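Thanks for coming. Please look at the model while I talk.

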Amino acid sequence: MWLLKPLHSFIFVTLVQHLMGLAMGVMVYALARRRASGLRREWAALAAAPVLLDVYQMFFEHTILSDVLFSFLVTTAVTVLLWRASPSLGGVAVAGGLLAAASITRSIGLALLPILAYYLFRSGWRLLCVALITVLLPLGGYSFWYASWHGTFGLNGGSGVWLWARTMPFADCDRIRPSGDEALLCPTQPLGRRPASPYFIWSDWSPLRRVPGYTISARADLFQPGLNKLSGDFAVHAILSQPVDYLGTVLKDLNQTLNWKRGPNPVRSLIGFNRYAFPNVADPLPDEVRIPGATIHQDLTAYEQGGVSTTFHEPAASIMRGYQGYFFAPGTFLGVLAIGACCLYVRVRMSGAGRQAVRKAVLPLGVALALIVGPIAVTSYDSRYWLPAIPMLCVALALALDAGTTSLGWRQLLLPSGSGRNTRHKVATRAEAS
């Protein structure tokens, strides 16, 4: 946003995001063609189709949010690492910088760094050290810059609050036994009748507003350093005291990822803002106070250098609303991709014949799984959180499928583990007998 500010155009911002979306589809196709050379080009095009045609991908390209930039940075980093059979020093340096930028854009990117380290571990300490340097320099520099503005060293000031909200659906203070101000953060609703995690942050009745010494006049005040630390400590105590309940909450929300339905159909119902759907109601822009001394309208007007409002351009608006009713990747499709890629990876690894060939799939597969599970583990379920995993799963499935068909063949790949060995043994026995 800062780089594009001299143009003073939100339309240009969304145009750049559309180009990022197209570039991600091209990268998925190019990786499938280059590293899964055994697959036909039709399969490579099919792998890129969900990235290019999913209407929710297009929707977020229209929004002023971090989703598309984050997805683009992660996809580019994985493309750079996988472009060659063996990672180069330059490629690792570029990928490390891109993943650091992704982590600054959205902190869930930090969950991808151990996967990068695991992938590079067998490539030698030299590459691992290069990755470490190119990741830590941007993250460290940003943390110092953040501290100069906010007084605390870190990438953000809300991780403790969000993790505390994650524990609210199951937290039992009789078991946690918090002391001091931590006890004020206990939920008041009985178990089984509590709302979703985000409500504990944004609602007027939020326990965060009960802690003495902290004035809450804007949403940003809910993430004051003292409140963030206090709520983070409560969250750690809750998870350690109730690990099974925490796991159950994560699995329950993870199950929502597999839902077939994505959201309301803008053709059949009235849609305004914040519903992840192309709207059909021209509501006025919200103007709630987010930062003391400034409103959303003031920020928008300053960026655009003019009045900002919502308008519909026909027939494009009607076409996109109709398109959204049918052309999207449901959560069930994501589950099929994830389970299929994991099964293929395990099948080829267990065969022994294609262990080296399938190693190239471990990076996109690990990144995809981290992007699916990570947000649910530390915040809550949201259908937008797993969209960045789709390009990675498409790449992982293509690479694992290529490794399996190249080393085992289609027939043996689809047979149970022992079937191929038993068949070869029977053929050898018959040959000896004859």
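On one side of helix α6, the residues P114, Y118 and F121 are exposed, where exposed means over 50% relative accessible area, buried means under 20%, and partly exposed is in between, with a 1.4 Å probe and protein chains only. This is a predicted model, in which local features need pLDDT of at least 70 and side-chain atom pairs count only at pLDDT 80 or more, while totals for chains, interfaces and linings use all residues. Residues are numbered from 1 along each chain as its sequence is written, and side-chain values use heavy atoms, with hydrogens and water left out.

Back to α6, which covers residues 113-121. Helices here are DSSP runs of H or I with at least four residues, strands are runs of E with at least two, and both are numbered from the N terminus. Which residues of α6 are buried? They are L113, I115, L116, Y119 and L120. Viewed along the axis of α6, these buried residues fall within an arc of 155°, so they line one face of the helix. That arc is taken from the directions that run from the helix axis to the C-beta atoms. What do the buried residues of α6 pack against? The partners are α4 (67-82), α5 (89-105), α7 (125-150) and α17 (362-378), with contact meaning heavy atoms within 4.5 Å.

Next, the surface. L7, F12, L15, L19, L22, L52 and L53 make a nonpolar patch of about 630 Å². Patches are built from residues with over 30% relative accessible area and no salt bridge; like charges are joined within 9 Å, and nonpolar side chains (Val, Leu, Ile, Met, Phe, Trp, Tyr) within 5 Å. A salt bridge is a side-chain nitrogen of Lys or Arg within 4 Å of a carboxyl oxygen of Asp or Glu. Areas come from the Shrake-Rupley method with a 1.4 Å probe, and for residues only the protein chains shown count as cover. Helix α1 (10-35) and helix α2 (41-53) each supply at least two residues of the patch, and α1 gives the largest share, 4 residues. L7 sits in the segment before α1 and is partly exposed, at 48% relative accessible area.

H8 is in the segment before α1 as well. Its phi is positive, near 50°, and H8 is not a glycine. H8 is partly exposed at 24% relative accessibility. R177, also not a glycine, has a positive phi of about 55°. R177 lies in the loop between α9 (173-176) and α10 (199-202) and is exposed, at 70%. There is also a cis peptide bond between E314 and P315, with omega about 5°; P315 is in the loop between α13 (296-304) and α14. Why point these out? Most residues other than glycine have a negative phi, and most peptide bonds are trans.

Helix α14 spans residues 316-324 and includes Q324. Is Q324 buried or exposed? Q324 is buried, at 2% relative accessible area. Apart from neighbours within four places in sequence, Q324 contacts V55, Y56, P266, Y276, A277 and F278.

Last, the whole chain. The protein chain has 20 helices and 2 strands. Buried residues make up 45% of its 434 residues. The chain exposes about 22400 Å², of which carbon and sulfur atoms supply 63%.
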